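Open the model in your viewer and keep the selection panel at hand.

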Amino acid sequence: MNLSLYQRVSELHGTLPWGSLLDAGTGPASMRWLLSLATRRWTAVTGSPRMRDVVRKEIGDRIRREDRLIVGNWLEPELLANEVFDVVLADYLLGAVDGFSPYWQDQLFARLRPHVGQRLYVIGLEPYVPLAPADPDGRLVNEIGRLRDACLLLSGDRPYREYPLHWVLRHLALAKFRVIDAQKIPIRYGERFVQTQLHMCDQALRRLNDRTLAVAFESHVAALRDRAMAFISREGGIRHGHDYIVVAEPVS
Ligand SMILES: C[S@@+](CC[C@H](N)C(=O)[O-])C[C@H]1O[C@@H](n2cnc3c(N)ncnc32)[C@H](O)[C@@H]1O
């Protein structure tokens, strides 16, 4: 059975109540899942006003009086000070931290620790951009990741910086969490991955001042898109890398 990462978290949660839930790095996907759960109340945090607007659209009229969508930065000590939630979700938050609080990833779990009443669920992605895989699937995913990050850097943005599972396990222990379970889930990338990642290239290249360089990059992006789409229709996807889910509880 091909379960989504969120379905896996629901399975890991079992019959425990969801109670109050904090989505510590919200987005439309985690919000869609959160809204399907029997929570008593939820709070969702993003560092970006643009993401707040996207998530607000996802919520529509499904927000209750006790639910909150907040723009804030985990760097700010007063953000949700003294508030404790039964469940805290850090869904692709770690990889995005570099864009909001660079070089602060080692502090993230300690910052979230006082907010975790019962359980912390961390969802993350094993880094793949700095690697040099030899198999065709790996080479293709790697090429897409490297091109995306190159375009973002050239246009003045900060790419995500993912961290491996072993780093997460070490830092959860340092932040006084006990790991209950950790799973690595193999990824099969489809058309949506190719389109979204290369769309980020197209958008970044529009902002490049050197138009000769931008045009050269644009044709490279288009050629890679064609190659990746052909690969997916031939092979049924690009099988490479892993997501991970970690279940942790605070040590008192
Ligand atoms: C990749 S996105 C969200 C993924 C999301 N859970 C989804 O639905 O796919 C990462 C989120 O973490 C937030 N974030 C990253 N660093 C942050 C920080 N230092 N403080 C607050 N939010 C942060 C971003 O603003 C964004 O909302």
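Predicted model: local features only at pLDDT ≥ 70, side-chain atom pairs only at ≥ 80, totals over all residues.

Select its surroundings: 22 residues make up the shell, and the closest are Gly 25, Gly 27, Ser 30, Thr 46 and Gly 47. Now colour by element. Helix H2 (28-34) and strand E2 (41-46) are the elements that give two or more residues to this shell. H2 gives the most, with 3 residues. Colour by class next: the shell around the ligand holds 11 nonpolar, 10 polar and 1 charged residues.

Move to the largest nonpolar core, which has 41 residues. Pick Ala 24, Val 88, Leu 89, Ala 90, Leu 112, Leu 120 and Val 122; these have the most contacts inside this core. Then centre on Ala 90. What is Ala 90 in contact with, leaving aside its neighbours within four places in sequence? Show Ala 24, Gly 25, Leu 112, Leu 120 and Val 122.

Finish with two helices. Select H7 (residues 191-206) and H8 (residues 211-235). They pack at about 175°, with axes 10 Å apart. H7 is therefore roughly antiparallel to H8; the cut-off for that label is an angle over 145 degrees. Show the contact residues. From H7, take Glu 191, Val 194, Leu 198, Cys 201, Asp 202 and Leu 205. They meet Ala 214, Phe 217, Glu 218, Val 221, Leu 224, Arg 225, Ala 228, Met 229 and Ile 232 in H8. By class, this H7 and H8 contact has 11 nonpolar, no polar and 4 charged residues.

Terms used:
Residues numbered from 1 in each chain as written. Near = placed C-beta within 6 Å. Helix = DSSP H or I, 4+ residues; strand = E, 2+ residues; numbered from the N terminus. Nonpolar A, V, L, I, M, F, W, Y, C, P; charged D, E, K, R; others polar. Core = buried A, V, L, I, M, F, W, Y, C linked by C-beta atoms within 7 Å. Buried ≥ 20, exposed ≤ 12 C-beta atoms within 10 Å, placed from the backbone. Contact = placed C-beta atoms within 7 Å. Axes fitted to C-alpha atoms, helices over the stretch in contact; angles between N-to-C directions. Parallel < 35°, antiparallel > 145°, perpendicular 65-115°, else oblique.
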